[in-house]
Amino acid sequence: MARRRRSGTYKRGSYSSRSDGHEAARRHIAEAHALSERLRGMDQEVKAFFLDLDHERLADVLDRYERKFGSDKRAYAEQTFPRWRSGDRQMSGLIAGRLFDLLPPIMPIDLKLRIVEGLFEKAGNSNTNYVLVPMDTDPADVVRFVDETCFEYLSDVGIDTSIKRQFDWLSGEDAAVAERLFKHSMQVTFDAKKAASAAMMAQLDRDRVMHADTIKGITSTIRLQQHEVHIKRTDAVEEMRTVDHWTFDRGGRPHTTPLSDSGWGWIMLVLSGIGALIVLANQ
C-alpha cells in the first residue's frame, strides 16, 4: 500500500510538472507573438543585433536591465545569453521585449532606418477597395483618385498612427534621431506611393492598348503595403467611384431580378406542364 501511495504521488507530481511546462511554453509563444506583432515582424532584426553585441555593449545593456528589473533577472540573462546566441534556448517574448526596450540608445542609425522601412511595409490592416471608372478616363486621373480616396490614410506625416509608439521607442527621446526617422518615414511613404502610382499608370495604359476590345472585363490590381485596389473600366458609370465587390463584379450595371429573366422561363414551363396535364386528362 505504501508503495502504491508513493507511486501515485510521483505520478501526480509528474503530471503537474508537465502541465506547468506546457503552460509556460504556451505563455512564451504568446509573448513572442505579441512582441512580433508590436514590431511588425522586425523583432528578428532587433534580436540579431542584440545577440551580436560585444562584451562591453552587452554589459552596458545588462547594467541598465539590472537597475530596472533587479539583480536576479540580470544574472539569469547573463547566464543564458550564450545559449540564446547559440540557439540552444529560445528567448521568451517577455524577456526579449524588456531587453529590446533598452537597445535604441546603442542602435546604429542605419538599423533604425531599416526598422522604419520594415514597420512601414507592415503598417495598417489588410484592406481591399474596388473602383469603377468610365471607359475614357485618363490613367493620370485614376491614379489621382485612388491616391486621394483609397490611400488617404498615408498622410503627410509619413507613418500611420498604429506604429507611432515604435517610432517613439526607436528615437529614444533623442530629438535629432526623431527628426531623422520622421524625414525617412516621409521619404519611404513618398517612394512607395510613387511606385504604386507608376505601376498603376503602366498597367492602365497597357490594358487600354492591348485589350481595347475587351477592356470592360479587364481588372487592374494595385498593391501598396497590405492594401489592394481593384480598378475596372466600364460604360455603366459616368464618374469614378468606389463600390462594393458585388457592384464591381457587375461593372456597375444594375442587378437583374430573377423574375425578369430566368424566373419567367420557369413560370412558363410550369404553366405549359399544367396545360399538358389538363389536355391529357380531358382525352
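Residues are numbered from 1 along each chain as its sequence is written, and side-chain values use heavy atoms, with hydrogens and water left out. In this predicted model, local features need pLDDT of at least 70 and side-chain atom pairs count only at pLDDT 80 or more, while totals for chains, interfaces and linings use all residues.

**Stop 1: helices H3 and H5**

Select residues 55–69, which form helix H3, and residues 93–100, which form helix H5. Helices (H or I, at least four residues) and strands (E, at least two) are DSSP runs, numbered from the N terminus. The axes of H3 and H5 come within 10 Å and cross at roughly 110°. Axes here are lines fitted to C-alpha atoms, for helices over the stretch in contact, and angles run from 0 to 180 degrees between N-to-C directions. H3 and H5 are therefore roughly perpendicular to each other; angles under 35 degrees count as roughly parallel, over 145 as roughly antiparallel, 65 to 115 as roughly perpendicular and the rest as oblique. The crossing of H3 past H5 is right-handed, a term used if the near helix is turned clockwise from the far one by less than a right angle, with anticlockwise giving left-handed.

Keep H5 selected and colour it by accessibility. Of its 8 residues, 6 are buried, so H5 is largely enclosed by the rest of the structure. Buried means under 20% relative accessible area, exposed over 50%, and partly exposed in between (1.4 Å probe, protein chains only). The buried residues of H5 are Gly-93, Ile-95, Ala-96, Gly-97, Leu-99 and Phe-100.

**Stop 2: salt bridges**

The structure holds 10 salt bridges, each a side-chain nitrogen of Lys or Arg within 4 Å of a carboxyl oxygen of Asp or Glu. Three of them can be visited in sequence order.

- Select Asp-54 and Arg-57: their side chains form a salt bridge with an N to O distance of 3.7 Å. Asp-54 is partly exposed at 39% relative accessible area, and Arg-57 is partly exposed at 31%.
- Select Arg-74 and Glu-78: this salt bridge has an N to O distance of 3.2 Å. Both residues lie in helix H4 (residues 71–86), 4 residues apart, about one turn of the helix. Arg-74 is buried at 12% relative accessibility, whereas Glu-78 is partly exposed at 43%.
- Select Asp-110 and Arg-114: the closest N and O atoms of this salt bridge are 3.8 Å apart. The two residues are 4 apart in helix H6 (residues 109–121), about one helical turn. Arg-114 is partly exposed at 38%, and Asp-110 is partly exposed at 42%.

**Stop 3: Ala-195**

Move to helix H9 (residues 175–210) and select Ala-195. Ala-195 is partly exposed, at 47% relative accessibility.

**Stop 4: Lys-232**

Finish in strand E3 (residues 227–234) by selecting Lys-232. Lys-232 is buried yet has no salt bridge. The nearest side chain of opposite charge is that of Asp-249, 5.0 Å away; Lys and Arg count as positive and Asp and Glu as negative, with His and the chain ends not counted. Select Phe-248 as well: its backbone oxygen lies 3.0 Å from a polar atom of the Lys-232 side chain.

Definitions and conventions:
Polar contact = N/O pair within 3.5 Å; in protein donor to acceptor, adjacent residues only side chain to side chain.
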